[in-house]
Amino acid sequence: MDRHFSPPDYRERVRRRAAATPVVKNAARAFLVGGAICAVGQGLYIPLARLTDPRQASVWVTVILIFAAAALTGLGLFDRLARHAGAGTLLPVTGFANSVVSPALDSRSEGLVLGVGAKIFSIAGPVILYATLAGSLYGLALWVASLFA
Amino acid sequence: MTEEIVLSLVRAFVVGGALCVAAQLLIDLTALTPARILVSFVCAGVALGALGWYEPLVGFAGAGASVPLIGFGGAIARGVREAVEEEGLLGVLSGPLSAASAGTAAALLFGYGAALLFRSKPKRT
């Protein structure tokens, strides 16, 4: 039997062998859960915006959702929801919180400095790095433009 | 009044849900890892903010635009713009992280707290 596959041939075999991804079902779940999280955020925003200015209210919504996601991750409930919701829990700020809290929890046994301290950034690190990079590029473009304005 | 509140909740639900569908399709159809999804959407948010499209989207969808990670990017773009207006070149450096500071600090502090309080649960796949 010929065991040498060309890479495209191999990819094709893997694709045929892999279980079909339920694309529509996943998308529907992501829509419902992600939409619900955003609606909860909006439900928090409306009363908070009366207490403070809109910008602070928006930041408070983020902080509350991050707290909720951290608590649910600690209790082991976030993963159960995320398994069904996919991008519905990943894309809202809850997913960012989970990506910080989850590795922090898992690396507790490796120590508080190089375990928790380092692993807490394992996904947040790339997000913060590329956000800073994109933001600074934009800032640099604005600054250069301001020189000619 | 009540009607306006209900409508704003519906707009947040629909726009936020649609963004999550876009992310889910990227995961399922292109095999992008979740970490890459997060990075892409934050950078997309910065780009939307730079183009001036993010503020109108938030005006329409509220938390539907600010809660998904593009909101993180949108806030960074706005923070950078204000920092450069105030501080010039220094704002290029001080803008991005200060705009993201509350969310990042909250995630780090609550994450650390959770690591001290809870034990890691065995993962089921």
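Helix H6 of chain A, in this predicted model, covers residues 93-106. Helices (H or I, at least four residues) and strands (E, at least two) are taken as DSSP runs and numbered from the N terminus. The expected span of a helix is 1.5 Å times one less than its number of residues. Of the 14 residues of H6(A), 13 are buried, and the helix is mostly covered. A residue is buried if 20 or more other C-beta atoms lie within 10 Å of its own, exposed if 12 or fewer, and partly exposed in between, with C-beta atoms placed from the backbone.

Residues are numbered from 1 along each chain as its sequence is written, while chains are lettered from A and ligands numbered from 1 in the order in which they are written. Because the model is predicted, local features need pLDDT of at least 70 and side-chain atom pairs count only at pLDDT 80 or more, whereas totals for chains, interfaces and linings use all residues. The mean pLDDT (the predictor's confidence in each residue, from 0 to 100) of chain B is 93, and 96% of its residues reach 70 or more. For the complex, the predictor gives an ipTM of 0.93 and a pTM of 0.90.

Chain B contains seven helices and zero strands. Its C-alpha trace spans about 50 × 40 × 35 Å along the principal axes. Of the 125 residues in chain B, 51% are buried. Two residues are in contact if their C-beta atoms, placed from the backbone, lie within 7 Å. Among contacts in chain B with a separation of 6 or more, 60% join residues 24 or more positions apart.

Helices H5(B) and H6(B) pack at an angle of about 145 degrees, and their axes are 7 Å apart. Axes are lines fitted to C-alpha atoms, for helices over the stretch in contact, and angles run from 0 to 180 degrees between N-to-C directions. The crossing of the two helices is right-handed; a crossing is left-handed if the near helix is turned anticlockwise from the far one by less than a right angle, and right-handed if clockwise. Residues making this contact include Ala75(B), Ile76(B) and Arg78(B) of H5(B), and Leu90(B), Gly91(B) and Val92(B) of H6(B). By class, the contact has nine nonpolar, five polar and three charged residues. Ala, Val, Leu, Ile, Met, Phe, Trp, Tyr, Cys and Pro count as nonpolar, Asp, Glu, Lys and Arg as charged, and the others, Gly among them, as polar.

Between the chains, 67 residues of chain B are in contact with 67 residues of chain A. H1(B) gives the most to the side of chain B that touches chain A, with 17 residues. That side has 48 nonpolar, 15 polar and four charged residues.

Val42(B) lies in helix H2 of chain B and counts as buried because it has 27 C-beta neighbours inside 10 Å. Leaving aside neighbours within four places in sequence, Val42(B) is in contact with Val127(A), Tyr130(A), Ala131(A), Leu69(B), Phe72(B) and Gly73(B). Leu26(B), in helix H1 of chain B, has 18 such neighbours and therefore counts as partly exposed. Not counting residues up to four places away in sequence, Leu26(B) touches Leu32(B) and Ile37(B).
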